[in-house]
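Visitor: I would like to learn how to read a structure like this one. Can we go through it feature by feature?

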Amino acid sequence: MIGLLQALGHWSLARVARLGRGHLFLVRTLASLPRLLPRPGLVVRELFSVGVLSLLIIVVSGGFVGFVLGLQGYVTLVRFGAEESLGVVVALSLVRELGPVVTALLFAGRAGSALAAEIGLMKSTEQLAGLEMMAVDPIERVVAPRFLAGFISMPLLAALFSVVGVWGGFFVGSGLLGVDAGAFWSQIQAQVDFRDDVLNGVIKSVVFGFVASWIAVFEGYDAVPTSEGVGRATTRTVVNTALAVLGLDFILTALMFGNF
Amino acid sequence: MVDRKIEILVGMFVALGLGALFLLAMQVSNLSQIQEHGTYRVTAYFDNIGGLKVRAPVTASGVRVGRVAEIGYDRSTFRARVVLALGTQYDFFPVDTSASIYTAGLLGEQYIALDPGAEEETLKDGSVIQYTQSAMILEQLIGRFLVELTSKK
């Protein structure tokens with residue numbers, strides 16, 4: 001009995017300690033961001049591996065999500081004779097929800113896992129310790145550029161996802177199913193509000209970018225320095241990011257669109 | 001020269017992302033349409049606003065001239081107080097303009113239609129619209145219809 005309590009206490013203390021470590025780590029990362037200014041090359045290189053290499057999966061998934069939304073929306077709307085509203089359905093669901101959320105999930109799978117594995121492997125091969133030996137702060141040299149690159153990339157990727165998705169919905173709805181192209185766009189422009197819909201979607205993607213990048217670099221930095229530990233850090237990155245993004249999405253949606 | 005290639009690709013990526021944001025703003029949202037660069041506020045009191053919402057359109061002859069800015073309940077008149085934000089380019093509505101709440105389509109959104117009067121004087125910021133017509137409430141119509149049906153017997 002005592003053993004069980006001890007184990008429970010140990011487990012929860014470990015969790016709380018990890019939570020605290022994560023936040024202290026975030027503060028250190030944020031504090032070292034200004035020191036990146038004189039060396040933008042570091043960030044550019046990370047932007048390439050985090051942002052440019054994620055482009056393909058984002059664009060392709062955005063297109064397919066748009067196709068599916070177009071088809072599904074059409075099948076439902078045509079029953080009410082409201083297929084002209086297809087554009088609104090596609091655009092609103094992409095801009096408000098699917099754009100930021102699906103991009104964040106894909107981002108965690110494509111870029112977040114890679115970041116965690118990279119940093120975790122640096123740690124397990126003692127490259128981070130080596131940097132410290134040379135009086136180079138690994139957070140400033142390794143972590144901060146990756147965090148910043150992820151933070152910058154996410155909103156851009158989410159915007160791309162939404163745009164490609166809307167065009168995908170337009171392609172299916174107007175090209176294949178015969179919704180009037182003019183009605184499609186004019187309904188979108190009449191119903192989608194810049195501040196309420198587009199800007200809130202962008203805010204969501206900024207928040208998700210922050211959280212996803214933070215989790216990825218922290219899991220990598222905090223990984224147990226063995227090959228198994230790196231593997232587990234990668235898994236945890238994807239799982240924790242997905243949970244955090246979906247949970248945060250609910251809170252943000254309630255705050256933004258709840259009207260209370 | 002690998003760095004240069006990376007720089008170009010990253011630049012293209014950022015430009016593409018910003019372009020997408022721009023496209024979202026201009027083509028997918030209403031930013032390109034009327035912007036509230038200048039509005040003046042006019043108040044109207046209704047007996048019943050039905051399902052009118054804030055940001056609902058205000059039209060005159062079907063042309064959108066503004067939006068519903070605020071909806072409240074007046075404590076002294078016991079009526080709904082609706083504040084309309086009209087574009088400053090539409091500053092020529094006579095003071096005896098009437099406001100009615102209509103529904104777009106059978107089940108569509110509700111909006112306010114302005115019907116210009118004949119006075120010389122025009123509505124200013126802070127004016128009150130005197131003549132209003134409430135929203136049609138489907139239940140009331142059905143109720144009245146039923147009463148008429150039964151009273152004929």
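What follows is a short walk through the chains, their contacts and their charged pairs.

Guide: One caution to begin with. This is a predicted model.

Visitor: How many helices and strands are there in chain A?

Guide: Chain A has 9 helices and 0 strands. Read from the N terminus, its elements run α-α-α-α-α-α-α-α-α. Along the principal axes, the C-alpha atoms of chain A fill a box of roughly 65 × 55 × 35 Å.

Visitor: At what angle do the axes of H1 and H6 of chain A cross?

Guide: Helix H1 covers residues 2-32 of chain A, and helix H6 covers residues 138-176 of chain A. Their axes come within 9 Å and cross at roughly 90 degrees. H1(A) is therefore roughly perpendicular to H6(A).

Visitor: Which residues meet there, H1(A) against H6(A)?

Guide: H1(A) brings A:Phe25, A:Leu26, A:Arg28, A:Thr29, A:Leu30 and A:Ser32. H6(A) answers with A:Ile139, A:Glu140, A:Val143, A:Ala144 and A:Phe147. Sorted by class, this contact has 7 nonpolar, 2 polar and 2 charged residues.

Visitor: Now chain B. Which domains does the assignment give?

Guide: Domain 1 spans 2-31 and domain 2 spans 36-137 in chain B. The C-alpha centres of these two domains of chain B lie 41 Å apart.

Visitor: How much area do chain B and chain A bury between them?

Guide: First the general idea. The size of an interface is often given as the accessible area lost when the parts come together. Here chain B and chain A bury about 2400 Å², with 73% of it on carbon and sulfur atoms. On the chain B side, B:Phe13, B:Leu24 and B:Val28 lose the most area to chain A, together 27% of what that side buries. By contact, 27 residues of chain B touch 30 residues of chain A.

Visitor: How many salt bridges does the rule find across the interface of chain B and chain A?

Guide: Again, the idea comes before the case. Side chains of opposite charge can pair when their charged atoms come close. Across this interface the rule finds 1 salt bridge. The side chains of B:Arg67 and A:Asp193 meet in a salt bridge at 3.9 Å, N to O.

Visitor: How many salt bridges does the structure hold over all chains?

Guide: The count over all chains is 16. One of the salt bridges joins A:Arg18 and A:Glu219 at 2.6 Å, N to O. This pair links distant parts of the chain, 201 residues apart. A:Arg18 sits in helix H1 of chain A, and A:Glu219 in helix H8 (residues 194-221) of chain A.

Note on methods:
Residues are numbered from 1 along each chain as its sequence is written. Chains are lettered from A and ligands numbered from 1 in the order in which they are written. This is a predicted model: local features need pLDDT of at least 70, side-chain atom pairs count only at pLDDT 80 or more; totals for chains, interfaces and linings use all residues. Side-chain values use heavy atoms; hydrogens and water are left out. Axes are lines fitted to C-alpha atoms, for helices over the stretch in contact, and angles run from 0 to 180 degrees between N-to-C directions. Helices (H or I, at least four residues) and strands (E, at least two) are DSSP runs, numbered from the N terminus. Angles under 35 degrees count as roughly parallel, over 145 as roughly antiparallel, 65 to 115 as roughly perpendicular and the rest as oblique. Contact means heavy atoms within 4.5 Å. Ala, Val, Leu, Ile, Met, Phe, Trp, Tyr, Cys and Pro count as nonpolar, Asp, Glu, Lys and Arg as charged, and the others, Gly among them, as polar. Domain bounds come from an automatic or database domain assignment. Buried area is the accessible area (1.4 Å probe) that two parts lose on being put together, summed over both. A salt bridge is a side-chain nitrogen of Lys or Arg within 4 Å of a carboxyl oxygen of Asp or Glu.
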